[in-house]
Amino acid sequence: MENWKEEKVTLFPRRLFLRLAALALAAVLALGLTACDSLPGSGGHIVKPSTGSSQPFEMHFIDVGQALSVLVECDGQFMLYDGGNVDDGSLVVSYLQKQGVEQLQYVFCSHAHEDHVGGLAAVMAKFPAGHAYSPVTEASTKCFNDFVKYTQQQGLQLEVPSVGTVWPLGSATVTMLGPVTQYSETNNTSLVLRIDYGSTSFLLTGDMENTAETDLVNSGANLKADVLQVGHHGSSTSTGYLFLNAVLPEMGVISCGAGNKYGHPHEETLSILRDAKVDVYRTDLQGTITIGSDGQNFTVGTERFVPDSQLNPTDPSSSSTAQQAYIGNVNSKKFHLPTCPNLPAEKNQVPFSSYDEAIAAGYTPCASCIK
């Protein structure tokens, strides 16, 4: 993509004791004590322009607004986890085509809600698939029934996978971890997948909530992963301390829509991620997020650069001015960092949430504060 930004992330040995201590402290504080203001937030990484990632393994968190769709590629083989809303179907199809997808080894519907299954009918109508999976084979909604219809038109039957099932995807492995029991709450029926490539690992959780998280932890499943798809779009109903303590991710990716009516991601979730020293990535602010792996380290590509202070505004080290990414001068058409000594008078200021937004508006960067 034209405005793609990439950052290289080297995974160092986990700071297990430090993270466990931080989570334990945060859990105690959550029970009624005053929150600690000294815990560090998301780490900073150097970002440079790039045409995107080109690793043998790639995971694409497609920007489908207040929904979820994740494309995984390894050694030229592809799988799709969710397809966004019905209206996202053509966007997802187009994105897959741009990535060179001709067929999908596996299609997973995490659960039967529209913002996860809605776009899968369009995908199944366009791409041949090896298998299609869902936690249920029947639901009362048209969008789910359309998914079933186009699956059957391919001569496939929608399958309900069992915990412990392992699928190959190129040289990566995909393992079904949950749900470990039956639930009446649809979110908790979400298929939980662990993906391992070399020594790097990823966890996809759909909209799994706290009850299913606790059951999954108690099942003894291997949950430790480098990258976590943060459950339920960053809702406070998911990503509890117990679960995050079991996963201990380096990165947490939240798929949600800009200005969504639910207020996702919730402050409680962002605070928990901050306490666990998890680097937060968000589609509502950064657009489509692509994580590439060579089996040891990651590259992370985003459509837009956003400061850490905006990705997780609960970071106690963030000042009030750090919440604004850039400030433009309506007279000079220059834009500045909030800390720039050359800021215009307040009446001449215009806020921009990203570098690219300011450029698109016809502004140029201040040479003093933006290098």
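Me: What covers the buried residues of helix H5?
Reply: In this predicted model, helix H5 runs over residues 142–153. Its buried residues are Cys143, Phe144, Asp146, Phe147, Val148 and Thr151. The cover over these residues includes strand E6 (104–108), helix H3 (114–117), helix H4 (120–126) and strand E7 (129–133).

Me: How many Å does helix H5 reach from its first C-alpha to its last?
Reply: Helix H5 has 12 residues. At 1.5 Å a residue, the expected reach is 16 Å. The reach in the model is close to that, at 16 Å.

Me: Which glycine just after H5 takes a positive phi?
Reply: Helix H5 ends at residue 153. Just after the helix, a phi of about 85° is found at glycine 155.

Me: Is aspartate 146 buried or exposed?
Reply: Aspartate 146 is found in helix H5, and its side chain makes a polar contact of 2.7 Å with the side chain of lysine 142. The relative accessibility of aspartate 146 is 19%. The cut-off for buried is under 20%. Therefore aspartate 146 counts as buried.

Me: Which side chain makes a polar contact with the side chain of aspartate 275?
Reply: Aspartate 275 is placed in helix H8, residues 267–275. With a relative accessible area of 5%, aspartate 275 is buried. Its side-chain polar contact, at 2.8 Å, is with arginine 274.

Me: How many residues does the largest nonpolar core have?
Reply: The residues with the most contacts inside this core are Phe57, Met59, Met79, Phe108, Leu193, Ile195 and Ile291. In soluble globular proteins, nonpolar side chains tend to be buried together. The size of the largest nonpolar core is 31 residues.

Me: How many residues are in the other core, which includes Val64?
Reply: This core lies apart from the largest one. Among its members are Val64, Leu96, Leu120 and Leu156. Its size is 28 residues.

Me: Which residues does isoleucine 195 touch, not counting residues up to four places away in sequence?
Reply: Isoleucine 195 is one of the residues with the most contacts inside the largest nonpolar core. Residues up to four places away in sequence are not counted here. The residues touched are Phe57, Met59, Val72, Met79, Thr173, Val174, Thr200, Ser201, Phe202 and Leu204.

Me: What is the relative accessibility of valine 174?
Reply: Valine 174 has its place in strand E9, residues 172–178. Leaving aside neighbours within four places in sequence, valine 174 is in contact with Met79, Thr165, Val166, Trp167, Leu169, Leu193, Arg194 and Ile195. Valine 174 counts as buried because its relative accessibility is 0%.

Me: What C-alpha distance separates leucine 248 and lysine 224?
Reply: Leucine 248 lies in the loop between helix H7 (241–247) and strand E13 (251–254). With a relative accessible area of 2%, leucine 248 is buried. Lysine 224 is 24 residues away along the chain. The C-alpha atoms are separated by 6.0 Å.

Me: What is omega for the cis peptide bond from histidine 264 to proline 265?
Reply: Proline 265 has its place in the loop between E13 and H8. The bond from histidine 264 to proline 265 is cis, with omega near -5°.

Me: What phi does aspartate 82 take?
Reply: Aspartate 82 is in the loop between strand E5 (77–81) and helix H2 (89–98). Aspartate 82 counts as buried, at 0% relative accessibility. Although this residue is other than glycine, its phi is positive, near 75°.

Me: What phi does histidine 233 have?
Reply: Histidine 233 lies in the loop between strand E12 (227–229) and H7. At 4% relative accessibility, histidine 233 counts as buried. Histidine 233 is not a glycine, yet its phi is positive, at about 60°.

Me: How many disulfides does the structure hold?
Reply: Cysteine 256 is buried, with a relative accessible area of 1%, and cysteine 366 is buried at 6%. A disulfide is a covalent bond between the sulfur atoms of two cysteines. The number of disulfides in the structure is zero.

Methods
Residues are numbered from 1 along each chain as its sequence is written. This is a predicted model: local features need pLDDT of at least 70, side-chain atom pairs count only at pLDDT 80 or more; totals for chains, interfaces and linings use all residues. Side-chain values use heavy atoms; hydrogens and water are left out. Helices (H or I, at least four residues) and strands (E, at least two) are DSSP runs, numbered from the N terminus. The expected span of a helix is 1.5 Å times one less than its number of residues. Buried means under 20% relative accessible area, exposed over 50%, partly exposed in between (1.4 Å probe, protein chains only). Contact means heavy atoms within 4.5 Å. A nonpolar core is a set of buried Ala, Val, Leu, Ile, Met, Phe, Trp, Tyr and Cys residues joined through side-chain atoms within 4.5 Å. A polar contact is a pair of N or O atoms within 3.5 Å; within protein, one must be able to donate a hydrogen and the other to accept it, and residues adjacent in sequence count only if both atoms are side-chain atoms. A disulfide is a pair of cysteine sulfur atoms within 2.5 Å.
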